[in-house]
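Please keep the structure in view while reading.

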Amino acid sequence: MPINDDQSFNNSSNPHFQDVLKEALKNPSRRNILRGGLGLASMMALPMLPGCGSIASSLPELSTANVLGFNAVTKSILDQVTVPAGYTVRVLHATGDRLAPSVPAYSNLGLETDDWSMRVGDHHDGMDIFYIDSNGRYSATATNRAVLAVNHESSADSHLLHPKGQTSGGVNGKRFSQFGDWDVKARPGLEVLKEINLHGISVAEITLDSSGKPTGGYVLDSALNRRITPQTVADVQGPAAHLSDIRAMFVTRFDTTGATSRGTLNNCGHGITPWGTYLGCEENWAVYFNMPTGTTLPDAKIIASRKRYGVSNAVLSSTATTGLGQGWYTPTDLPDTDSRFSRWNVAATGATAAADFRNEPHTFGYNVEVDPVNPSARPAKRTAMGRFAHEAAVCSIPVVGKPLAFYMGCDSRNEYIYKFVTAQNWSAADIGGGMAAGNKYLNEGKLYVAKFNSNGAGEWIELSINNPLIKSYAGAAGFTFTTQADIYVHTRLAADAVGATKMDRPEWGAVNYANGEVYFALTNNSSSNRTPASADGANPRSFNDADGKKGSGNPNGHIIRFKEQDNLATATGFNWDIFVFGAEEDMPANVNVSKLTANNSFSSPDGLWFSKSTGICWIQTDDGAFTDETNCMLLASVPGKVGDGGEFYIDNTLVSGTSSSNNVTRTFIGGILGESRLRRFLVAPKGAEVTGMTETPDGKTVFVNIQHPGENTPAIGTAASFTLESQWPGNGGGLTSAYGPAGRPRSATLVITKNDGGKIGL
C-alpha cells in the first residue's frame, strides 16, 4: 500500500472535468456525443434533466456467455488465501528469505544481524518473469531457465522486522506517521540498514522442470540471485542535449558530477520492455528524508518543488521540534560508509550542493531500468520519462518500424496520467539487447500528460520548454522553468502549467493485447477532493460510504480506459470511457453503477494486468472501505472495447438525502459486465493487499503478490509482544502447507496452478 496515499500535494488551479462538463450541460448545442460506438446516443434522446430526483441511463449488458471457467470465490475476512476449487497455491518466497546459502535462514523474530542486502525485500509488489536463452540473454519465448524480478515497496510495517519494534526516536511504528525527536535520539545502525535494504528489487532464479514448468520454488545458490537496494549505484541517463543540465540537479557529496546516484526506493508498479528489461517504478519516495531542527534551504526553487512533491520538511523553521520520516540519518554506532546514513539528511549543510545532500530527493521518482538476467549490468534512472510518484510503466503493443509508448500514472490524489513516446522506432533485433537497448529507446523521446475533455475525447499535451504555458509558469512561488531539464526533474509542476486533468489517484495501467486499448485504475479519492458539486466525467461519483469506514468522496474507485486515435502510440488524441466502478453490491444504483453482485463486488482497484495467453484483465484491490465485509481481492474480468456502453448520468445523492440536478454528472461508461465477465478469483489474508501479477507464456502458472498481511498490527509499545492481526503465511492459511517460521506475518509471492493443468481462469 502506498505511503502517504491519503495526501494530495496538487494545489494547482487546474480544473477537474466538472468545469467543462457543467459548461457543456448548459449549452444544448454542445450536448451531442462527438464519438461513435455501440450504445452511444445523444443527450437529447434521454429524459430531461430538470426536476429529476434520480437520473440513470440504460446501459447494454455485454454477452452473458460464461467465458470464465471457475465459480466466484465468496467474500472472506479469514486469515488465509482463498481461491476457487481446483486450484493449488504455494509460496515462492517471502520477506526475509535468503538469496544465498551463506546467509542464515530467516528467523521471523527480528534477530537477523546481517544488513539484508541478500535477503528478499519486504512489501512485494510489481513483478515479471524473464526467460534466459543458451547464451545467457533474455529470451522472448519460454526456455528451461528464468528469473523473477519483484518490487519491494515500503518499510511501513518495519516494526515487525525488529525483535521488539523500532527501539528509539519515539516511533509509533505505523505507516510512516512516525514523529521522532531525531535530533536527540540516534537510531541503531543495524535497524536502519534493514529498513533501507528491504526496499528495492529482488531477482531470484525460479526452479523449472525439464519442460520449463515452474515447480514452485527458487534456486538458492543461483549466481543470478541479486538485490537492487537504495544503496545500489545507478547511472543517471537522459536526453543527450539536456543530460548535463539534468545531472547538475543530481549533484551530491556522493557524486559531485551527478553522473550516478544510489539505488531505488519505494518501487510499486513495474514495467517490462520489449527488449527484455525491467522497469522498477519509484512511487511514494518523498517521505523518507529528514531535515534536522533549525536547518534551512537557501534555494527557493528547491523549496517550491519539494512542497509540490510532498518531500518531508521542505524547510523547517527554527522553532520546529520534530522531524518527519524514519530517522535514517541518525545512526552513530556504525560507520557512515559512503554517507549511507547522512544522505537522508537533505538540509543545506555545506557551502554548495556538492558538499551535502540537498539534491538527494531529486535522485528519486523515476523509472529505474534493470537487466534481471545480467547481474553485472548497472541500473539506470530514465529521466526522460519524468519524475513523479511512478505507478507502473506499461508499454504499447510493439510494432516494428513504429515508436513505442509507455503509459504511466502518478499515484496520488488529484495527480495525472502521462505517456512517453520513444524517438526511435521499434526493431525486433533489439530483443535481448539489455541496457544498451534501454539507452536507445528510453533516453530520447517525448513526454506527454493527459487532458480529458467533456465530450469523451482527450488529448496528450507535450511537456516541452517551448510551450508558452511552461515558460511563463508562475504557479509555485519561487519556481520558474528555465530548461527542458527542469521539466524532467520537476514534471508535476510542468503538468500543472499546461492544464492537465486531475484524476482520482491514478495507479496501475495495463494494455489490452487484443486491441491496444489502455486501462488505468483510479483507486479512490477523499471527501476533501471529491464532493457532489465537484464530481466530473472521468471521476463522476461522490457519495457517503454507508458503513462510515471511508467517509464520503469516491471511496470505492473505478477503472478508466482509452483508445488512441488510429491506434497509434504517437497519437495526440484519444477517446475514453469508464470500464467498471467499484462498489458494495447493496449500494443504490447511483453508486453501484456497474450493477455488481455479491460475487463480483469490490472496492479500490489498484493493480491491473492483462494475460497475453487468456485475454483476462485481472483486477487487484488495495482497500480500506470494504474491509468490514471482506479482505482485499483479485478479480478476473473479460473486457469489451471503448464505446461498448454508452452515455450515462449519475445523480450524486448523498446518504443524507441531499440531491440537486446541479450534482448530476455526465460520463461515458462501458457495457455492463455481469457475473459472466467479472467474478472474484482470490481473497487475501487479513490486512493484506493483492498486488503484482505475471504468468508463464502458456497461461498455466501465475505469480501473485500478497503485500503487508497484518498491516494493522500495532507497534509493541510497552507490551511484552505484538498483537498480531495476521499470522500468514506461517499459519498455512489456504496454502498447500505452512510456509516458513510461524508467528509474524510476511509479504510473499504466490505460485498458483490449476489441478487439471489448464489455463488459469478458464
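How many cavities of 30 Å³ or more does the structure hold? In this predicted model, there are six cavities of that size. Rolling a probe the size of a water molecule over the atoms shows where empty space is left. The second largest cavity contains about 90 Å³ of space. Its lining is made up of 14 residues, and D122, L160, P745, R746 and S747 are the ones that lie nearest its centre.

The chain as a whole provides the setting for these spaces. Nine helices and 36 strands are found in the chain. Of its 762 residues, 65% count as buried. The chain exposes about 24300 Å², and 51% of this area is supplied by carbon and sulfur atoms. Contacts may also be considered by separation along the sequence: among those between residues at least 6 apart, 70% join residues at least 24 apart.

The largest nonpolar core has 60 residues, and the members that touch the most other members are W344, F406, Y418, V449, L463, I470 and F481. Apart from this core lies another, of 31 residues, which includes V91, C632, L682 and V690. Within the largest core, Y418 deserves a separate description. Leaving aside residues up to four places away in sequence, Y418 touches F388, F406, Y407, M408, C410, Y448, V449, W460, L463, T491, R492 and A495.

Two further residues may be examined in turn. N345 is located in the loop between β13 (323-324) and β14 (367-370). Is N345 buried or exposed? The relative accessible area of N345 is 15%, and buried means under 20%, so N345 is buried. A polar atom of the N345 side chain lies 3.1 Å from the backbone nitrogen of A347. When residues up to four places away in sequence are not counted, N345 touches N290, M291, P292, Y329 and F357.

The second residue, F9, belongs to the segment before α1 (17-26). Its relative accessibility is 19%, which is under the 20% limit, and F9 therefore counts as buried. Where F9 stands in relation to N414 can also be stated: the two residues are 405 residues apart along the chain, and their C-alpha atoms are separated by 8.2 Å.

Conventions:
Residues are numbered from 1 along each chain as its sequence is written. This is a predicted model: local features need pLDDT of at least 70, side-chain atom pairs count only at pLDDT 80 or more; totals for chains, interfaces and linings use all residues. Side-chain values use heavy atoms; hydrogens and water are left out. Helices (H or I, at least four residues) and strands (E, at least two) are DSSP runs, numbered from the N terminus. Buried means under 20% relative accessible area, exposed over 50%, partly exposed in between (1.4 Å probe, protein chains only). A nonpolar core is a set of buried Ala, Val, Leu, Ile, Met, Phe, Trp, Tyr and Cys residues joined through side-chain atoms within 4.5 Å. Contact means heavy atoms within 4.5 Å. Accessible areas come from the Shrake-Rupley method with a 1.4 Å probe; for residues, only the protein chains shown count as cover. A polar contact is a pair of N or O atoms within 3.5 Å; within protein, one must be able to donate a hydrogen and the other to accept it, and residues adjacent in sequence count only if both atoms are side-chain atoms. On a 1 Å grid over the protein atoms alone, a cavity is a set of points where a 1.4 Å probe fits but cannot get out, and a pocket is an open set with protein on both sides within 12 Å along at least five of seven lines; lining residues have an atom within 4 Å of a point. Grid points are joined across faces, edges and corners, and a volume is the space filled by probe spheres set on the points.
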